[in-house]
Amino acid sequence: MSAHVFLKVMKKNFNIDSTDKAIIDQLQHDPSITHSKIAEILGLSQPAIGARIKKLAERGLIATQIGVNFQQIPELNLIRVNLKTTRPEDIMELCEYCPFVINAIKSTGDYNMTLFMASRNLKHLDAVMDRHFRNKPYVFRIQMDLVTSMASPIIFPLNLTVESLVNTDDPCKGNPVCAADRKRAGVRSPEELNLM
Ligand SMILES: [Zn+2]
C-alpha cells in the first residue's frame, strides 16, 4: 500500500488529516520527541501540536506503553500458547490476573486463543500451564512454542517481581486468583486427594 493510499484509508476510517499523520509519524519514530520539536518540524505552534496529541490520545489513536524489549533480553523466554477452548472468556479473565501471562487474544480458527507468557525458566511456564490450562475440561488442545526471533521489537510490560517470589513446583500459587483457579476448575489438589 502506498503512503498516499494509506493516508486516504486513515482519513476515511479514523478521520485524521495529514498533520495528525505527520505527528503520529514523528512520535512513532521517536516517542521521546518534545511537542516543541514536532512544532518546529511541522511549522506549527507548540500548543497546536499539544492539542492534537491530546485528541489523538483521547481517541486511542496513539498510546504509549513501557515494557521490556524481548529482542534485547535473550535469557527471558517468550512463549506463545495456542488453545482450543469452549470458554475463552473464562481463560481471558484468568489471564488478566496470572502474573506469568503477558497478554491473551481471542481469534477465529481451530485454536481460538493465543496467549503470550514469559519467564526466565521454562519449567515455571510449564507448571503454570498445568495449574491453569491442562486441568480444564473446557480446554481441548494446547500448543506451546518458544518464540525464537522477531523482526521488530516486541515490547511487553512484565511483572518483574514475580520471578523472585515463585515456588518452583507451582510458580503462581502465591497469587490469590491463581491459587483459587484450581478449585474453580473442579479439579482437586493433591492435598485434597490425600496424595501428599
Ligand atoms: Zn497463574
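1. The secondary structure of the protein chain comprises eight helices and six strands, where helices (H or I, at least four residues) and strands (E, at least two) are DSSP runs numbered from the N terminus. Read from the N terminus, the elements follow the order α-α-α-α-β-β-α-β-β-α-β-β-α-α. The model is predicted, so that local features need pLDDT of at least 70 and side-chain atom pairs count only at pLDDT 80 or more, while totals for chains, interfaces and linings use all residues. Residues are numbered from 1 along each chain as its sequence is written.

2. Of the 196 residues in the protein chain, 20% count as buried; a residue is buried if 20 or more other C-beta atoms lie within 10 Å of its own, exposed if 12 or fewer, and partly exposed in between, with C-beta atoms placed from the backbone. Among contacts between residues at least 6 apart in sequence, 66% join residues at least 24 apart, two residues being in contact if their C-beta atoms, placed from the backbone, lie within 7 Å.

3. Once its neighbours within four places in sequence are left aside, valine 128 is in contact with Cys98, Phe100, Met117, Pro171 and Cys172.

4. Cysteine 178 is found in helix H8 (residues 176-184) and counts as buried because it has 21 C-beta neighbours inside 10 Å. Apart from neighbours within four places in sequence, cysteine 178 is in contact with Tyr97, Cys98, Arg131, Cys172 and Lys173.

5. The axes of helix H2 (residues 18-29) and H3 come within 11 Å and cross at roughly 130 degrees, axes being lines fitted to C-alpha atoms, for helices over the stretch in contact, with angles from 0 to 180 degrees between N-to-C directions. H2 is therefore oblique to H3, given that angles under 35 degrees count as roughly parallel, over 145 as roughly antiparallel, 65 to 115 as roughly perpendicular and the rest as oblique. The residues that meet are Thr19, Ala22, Ile23 and Gln26 in H2 and Ile38, Ile41 and Leu42 in H3. By class, this contact of H2 with H3 has five nonpolar, two polar and no charged residues, where Ala, Val, Leu, Ile, Met, Phe, Trp, Tyr, Cys and Pro count as nonpolar, Asp, Glu, Lys and Arg as charged, and the others, Gly among them, as polar.

6. Helix H3 (residues 35-42) also packs with helix H4 (residues 46-58), at an angle of about 110 degrees and with axes 8 Å apart, which means that H3 is roughly perpendicular to H4. Here His35, Ser36, Ile38 and Ala39 in H3 meet Gln46, Ile49, Gly50 and Ile53 in H4, and the residues of this contact divide into four nonpolar, four polar and no charged.

7. Glycine 50 lies in helix H4 and counts as partly exposed because it has 14 C-beta neighbours inside 10 Å. The C-alpha atoms of glycine 50 and serine 36 are separated by 8.7 Å, the two residues being 14 residues apart along the chain.
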